[in-house]
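Hello,

Here is the structure I promised to hand over. Please open it first, then read my notes below.

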Amino acid sequence: MNPLLLPLLRVLSDGEFHSGETLAQRFGVSRASVWNALQVAQDHGAVLYKVRGRGYRLPAAPDWLDASMIEDALGTHAGRFHIRVAEHLDSTNTELMRAAADGAPHRSCLVAEIQLAGRGRRGRVWQSVLGGSLACSVLWRFDTGIAALSGLSLAVGVALLRALRQSGADAVQLKWPNDLLWHYRKLGGILIEVQGDVMGPSLAVIGIGINLQLPAPVRAEIDQAVTDLNEVCGTRVERNTLLAALLIHLDDVMQDFEQSGLAQLRAEWLAAHAYQGKPVRVLLANGSDQIGTAIGLSADGALLLQSADGKQLALNGGEVHLTRRIS
């Protein structure tokens, strides 16, 4: 990560033109160094205006993350979470897993302005856009063993659903086991990593990625249909406010999950399931697949399918696809 990148963009956030020479003098570097850093900014999705003789300008200031603003937006939940805002890092999940091993407290939340190597499920790369993505991870510690965490990603999905609908994204739906969809296009996802003993204690690092504003060049690099909150809501959603809403709803949902698993959350999840009652094909880890109709969830969060011959199957993992085109 170019160390000049974020300092330069913060200067350009005033909406005025700044010449390369002025910026170089301000930071004690060459004009070539300024140019190189701003090229990196564009690679990460930043939109820059460049005018010969006037310099560089950002058409709109990035929605910078601010720990104090997040705390203020948490209201009565302020103080329950330990929030750290990082300028840049490879992966919030990876960094928070390291911190967990070093004793990071329960409800630690790590959020980054930019992720350089964000991870999705099944080894995929999560594309992160400077100022246009929310990439965060939350550490949750449990007294129970790992087996009791079955269905955790579905519980987290309910929390995200509530927060997004509160933000105006009324038509957002869920895809088993951990995606957020809008009109069958991906809006966000969840990546959960767990550690612990069979009898407890255990911990989960809950990674959350949400698209707020994806420029066309970034969308072109993604190998699936995607959307962002700007498109869904028709207006800009502030990252600090959204993160606070996510944490508030996560806190509420996790209380239910710790007490009774998915029992109090399953109906809400199913009501938002984009593929409920639809024919699907589930690609399994061993390379085989299962075809059937998605008919529900088991008590521990397995996807229930009904096959063509009427048999009911419970799947605990896999990649789900519709078997016919949705218009």
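Start with Tyr184, in the loop between β7 and β8. (Strands are DSSP runs of E, at least two residues, and helices are runs of H or I, at least four, numbered from the N terminus.) Tyr184 is not a glycine, yet its phi is positive, about 65°. It is partly exposed, at 28% relative accessibility. (Buried means under 20% relative accessible area, exposed over 50%, partly exposed in between, with a 1.4 Å probe and protein chains only.)

A word on the source: this is a predicted model, where local features need pLDDT of at least 70, side-chain atom pairs count only at pLDDT 80 or more, and totals for chains, interfaces and linings use all residues. Residues are numbered from 1 along each chain as its sequence is written, and side-chain values use heavy atoms, leaving out hydrogens and water.

Arg107 also has a positive phi, near 70°. Its place is the loop between α5 (92-101) and β4 (108-115). Arg107 is buried, with a relative accessible area of 15%.

Next, the cis peptide bonds. One joins Trp176 and Pro177, with omega about 0°. Pro177 is in the loop between β6 (173-175) and β7 (179-182). Another runs from Gly200 to Pro201, with omega near 0°. Pro201 lies in the loop between β8 (185-196) and β9 (202-211).

How many disulfides are there? The search of the whole structure finds 0. (A disulfide is a pair of cysteine sulfur atoms within 2.5 Å.) The sulfur of Cys109 is 5.1 Å from its closest cysteine sulfur, in Cys136, so it is too far for a bond. Cys109 is buried, at 2% relative accessibility.

Best wishes
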